[in-house]
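Here are a few friendly notes to read beside the model. Please keep the structure open and find each residue as you go.

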Amino acid sequence: MLDGNIFLLLIYITLPGGESRKEMESKMAEELQSLLEKIQNDGIKKAEAERDAIIAQAQAEAAKIIKDAEEKAKALRDAAQADAASSVQRAENSIRQAARDIVLKLKAELENRLSLAISASSKSAMTPEFMAELIRDLAKEFAADPEAKITILSSARDAEALASAVKDTLGSSYKNAPQVFADSAVKGGMQISFNDDEVFFDFSVEAITGLVGGYAGEKLARILENR
């Protein structure tokens with residue numbers, strides 16, 4: 001292997017123009033410095049390029065992670081909002097249903113109490129004396145003929161007293177005395193027919209309660225619906 005002096009001598013001999021050793025060494029030093037600077041610059045540029053590529057890739061990956069996270073967060077928010085809205089709707093439906101149930105129960109209870117009150121009032125009002133007066137007034141309209149036949153059904157409790165009261169109010173107005181029969185189906189009040197049901201009236205407590213209760217029940221229902 002050639003040492004440095006021989007190498008320089010060979011270069012000196014072969015260089016055109018016969019440059020001196022000092023000039024050659026200076027020139028080589030400059031070229032070497034230029035080479036080192038080029039290597040350094042190329043390395044720096046390559047390192048910077050790699051750095052920029054790494055940063056760009058990291059930024060892209062970070063952006064993707066952030067986007068994925070935002071999409072997942074939005075999906076979770078949407079699901080939570082949908083579930084919350086569904087829960088609110090279910091709660092509102094449950095409240096409405098509970099309110100309807102309460103109104104229905106209240107209506108049923110009020111109707112029952114109303115029915116009991118009407119029934120009690122009807123029994124109290126439909127005394128044998130009052131029923132006899134009612135029969136007399138109806139007979140004037142629907143059984144003016146002395147040959148007319150009057151049949152009355154009443155409760156077993158009122159039958160005897162009613163028969164006596166009818167006899168007092170109608171007297172001997174009819175050829176055939178009105179007939180009063182006790183009927184277990186009649187709990188109070190009476191049912192009356194003229195000429196074998198040619199004309200029939202139901203003044204039983206049950207019928208009166210149903211009639212008055214139906215009318216009052218409709219008004220009660222409207223009141224409750226407006227609440």
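1. Patches are made of residues with over 30% relative accessible area and no salt bridge, where like charges are joined within 9 Å and nonpolar side chains (Val, Leu, Ile, Met, Phe, Trp, Tyr) within 5 Å. A salt bridge is a side-chain nitrogen of Lys or Arg within 4 Å of a carboxyl oxygen of Asp or Glu. Areas come from the Shrake-Rupley method with a 1.4 Å probe, and for residues only the protein chains shown count as cover.

2. This model is predicted: local features need pLDDT of at least 70 and side-chain atom pairs pLDDT 80 or more, while totals for chains, interfaces and linings use all residues. Residues are numbered from 1 along each chain, and side-chain values use heavy atoms, without hydrogens and water.

3. Now look at L32, L36 and I39, which make a nonpolar surface patch of about 290 Å². L36 sits in helix α2 (residues 21–125); helices are DSSP runs of H or I with at least four residues, strands are E runs of at least two, and both are numbered from the N terminus. With a relative accessible area of 45%, L36 is partly exposed (buried is under 20%, exposed over 50%, partly exposed in between).

4. Rings of Phe, Tyr and Trp (its six-membered ring) pair if their centres lie within 6.5 Å; planes under 30 degrees apart are stacked, over 60 edge-to-face, the rest tilted. The count is three aromatic pairs. One of them is F142 with F201, tilted because the centres are 5.2 Å apart and the planes at 55°. This pair links helix α3 (residues 128–142) to strand β4 (residues 199–204), 59 residues apart.

5. F201 is partly exposed at 22%. F201 is also stacked with F203, with centres 5.9 Å apart and planes at 20°. One aromatic cluster is formed by F142, F194, F201 and F203.

Notes
Buried < 20%, exposed > 50% of the residue type's maximum accessible area, 1.4 Å probe, protein only.
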